[in-house]
Amino acid sequence: MTYTKKRSVYAFLFLAPYALSFLTFIVVPVCVALGLAFMQYDLTARESTKFVGFRNFSEALHDAYFWAGLKATLSYLILMVPGLLVAAFGMALGLNAMSRGRNTVRALLFLPGMFNVAVTAILWQWFYNGEFGLFNFVLKKIGLGALPWLSDRAYAMPSIVVMSLWWAIGGTTVVLLAALQQIPRQIVEAACLDGATTGALFSKITLPLMRPVLLFVVVANTIGAFQVFGQPYLLTRGGPELSTRGLVQYIYETAFNNYRMGYGAAMSWLLFAIIALFAFVQYQFLRTSVS
Amino acid sequence: MTKVFRSLNALIMRVLAFIFLSPVILMILTSLKPEPEVLNPASAIPHHWTLSNFKQVLGWSEEAPFARWLLNSVFISTSATLLVLLFSSMAAYAIVRLRVPGGNVFLAVIVATMMLPAQLFLVPLYLMLSRLHWLDTPAALIVPVTAGGFGVFMLSQFMRSVPEAIEEAALMDGCSSLGVFQHVVLPLCAPAIATLGIFTFIGSWNDFMGPLIFMDSVRNYTLPVGIALYQTSYYTEYGLTLATSALATAPLIVVFMLFQRQIVDSMASTGLKD
């Protein structure tokens with residue numbers, strides 16, 4: 001065999017294990033999900049499996065639970081993404097201005113992100129519990145009334161978001177801090193020599209230079225927020241009165257509690273379409289707006 | 001910036017770091033308290049230090065085999081990580097160095113599929129794994145993970161930045177492609193491989209939805225799903241549930257302390273890629 005021929009045989013052999021896995025667990029599932037979305041496929045009534053065209057999609061659009069799920073997901077997103085952005089940016093600026101001990105503080109902020117969602121939820125359920133919770137214990141101790149952290153519609157979602165912020169802020173802070181540190185020192189010094197105020201420095205130099213990273217952070221966290229599941233599922237099970245049951249939890253319950261696989265797959269594609277639309281709009285808007 | 005501002009900022013940041021850490025400290029301290037003290041905490045520090053919560057958690061029980069869950073988690077996360085490292089580094093080598101025909105198109109397809117949300121795969125994967133009779137076995141949580149595109153993408157990018165001259169020299173000296181991969185490429189890519197390994201391990205260790213959907217019997221659960229279940233049945237015994245949480249988190253805290261620099265730095269750079 002010639003050298004090049006031998007090399008391409010090797011190349012295929014090296015690629016084969018991953019390519020096989022990719023084909024089996026990415027390509028095939030996507031095709032199956034696409035097919036299922038147009039079928040009635042209930043695990044409890046397999047004999048009634050049939051092609052139904054767009055019926056699953058039109059059912060979703062008329063399903064009050066679907067819209068309630070979207071509403072819950074959006075109310076998480078609207079609190080979470082701006083909250084995360086502002087808090088993490090503030091932390092990153094604070095860290096950037098530190099001369100000593102920066103890495104220790106950075107590591108401590110990052111640590112909660114290493115916890116899995118079950119541990120995080122257990123910890124915060126102990127804080128939030130109405131009767132035995134730590135927060136209400138402290139509130140009562142200092143003479144204030146207990147709060148319905150997880151049992152009242154008005155409090156439940158903000159409580160979930162506060163926990164999520166604690167859990168997720170480190171990663172975003174670290175990304176933003178790295179971007180801040182890449183701003184060339186000469187530019188900042190030149191601006192200071194020209195007498196720029198701190199506010200001008202921030203709006204004229206820091207913000208424009210951070211634009212690509214901020215875009216990344218907003219889009220990535222929006223995509224993540226649309227897929228929120230573990231935090232509300234474990235803290236409130238979607239309650240009270242389904243007010244915190246997001247779309248992913250509704251899809252999960254449709255497919256794995258009610259065994260309606262076709263309908264679940266169709267709603268997954270709808271959620272994907274919504275995510276793609278949001279990401280596209282944000283990308284277009286943020287790419288052009290700040291300049 | 002003035003000196004006053006700087007020291008004020010440093011103080012605020014340290015206080016914030018302490019506030020962030022305090023739930024973790026409270027978790028550990030409270031898991032060392034006897035139950036009456038947990039519900040009526042006179043102070044954060046236990047009056048009577050006790051290991052009884054940990055003893056009860058680690059003691060074998062049919063409803064909550066904690067040691068078994070720990071073993072499942074260790075086995076699944078380790079296997080998944082090793083397979084991901086092997087498959088991804090081989091694929092990246094084939095694409096970047098052996099220049100497999102159509103390799104770059106394949107890489108573009110891989111990156112495109114990374115944008116598909118995980119929840120899209122739940123239903124089809126469940127049905128496929130049930131056909132394969134892999135439901136309720138570790139394979140369901142190990143093998144599909146190897147299809148993830150992040151590793152191939154990241155290692156390809158890294159390999160491109162490593163000079164090819166060393167590999168050519170090894171080839172000239174009569175080293176086979178496999179030898180070059182094993183003795184030259186893998187060692188040169190060690191930092192990227194370590195980063196990928198850490199991320200894959202943490203991701204697998206903390207996966208919640210996968211085991212929740214694919215595992216049926218209690219003894220086959222991994223830690224996150226196991227302790228979530230445990231918590232629903234013992235939900236007011238916080239000493240116990242916090243002890244399970246502390247135990248489940250301890251391995252990750254050790255990994256984090258050992259690789260803190262690497263984890264945080266690579267997290268920072270993944271956000272800066274584009």
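Visitor: What radius of gyration does chain B have?
Guide: This is a predicted model, in which local features need pLDDT of at least 70, side-chain atom pairs count only at pLDDT 80 or more, and totals for chains, interfaces and linings use all residues. Residues are numbered from 1 along each chain as its sequence is written, with chains lettered from A and ligands numbered from 1 in the order in which they are written. The radius is taken over C-alpha atoms, and the globule rule is 2.2 Å times the number of residues to the power 0.38. For a compact globule of 274 residues that would be near 19 Å, but chain B has 23 Å.

Visitor: How many helices and strands does chain B have?
Guide: Both are DSSP runs numbered from the N terminus: helices are H or I with at least four residues, strands E with at least two. From the N terminus on, the order is α-α-α-α-α-α-α-α-α-α-α-α-α-α. The count for chain B is 14 helices and zero strands.

Visitor: At what angle do the axes of helix 9 and helix 10 of chain B cross?
Guide: Axes are lines fitted to C-alpha atoms, for helices over the stretch in contact, and angles run from 0 to 180 degrees between N-to-C directions. Helix 9 of chain B covers residues 165-172 and helix 10 of chain B residues 177-188. Their axes come within 10 Å and cross at roughly 145°.

Visitor: Which residues of helix 10 of chain B does helix 9 of chain B meet?
Guide: Contact requires C-beta atoms, placed from the backbone, within 7 Å. Helix 9 of chain B contributes Ile166(B), Glu167(B), Ala170(B) and Leu171(B). In helix 10 of chain B they meet Val180(B), Val184(B) and Val185(B).

Definitions and conventions:
Two residues are in contact if their C-beta atoms, placed from the backbone, lie within 7 Å.
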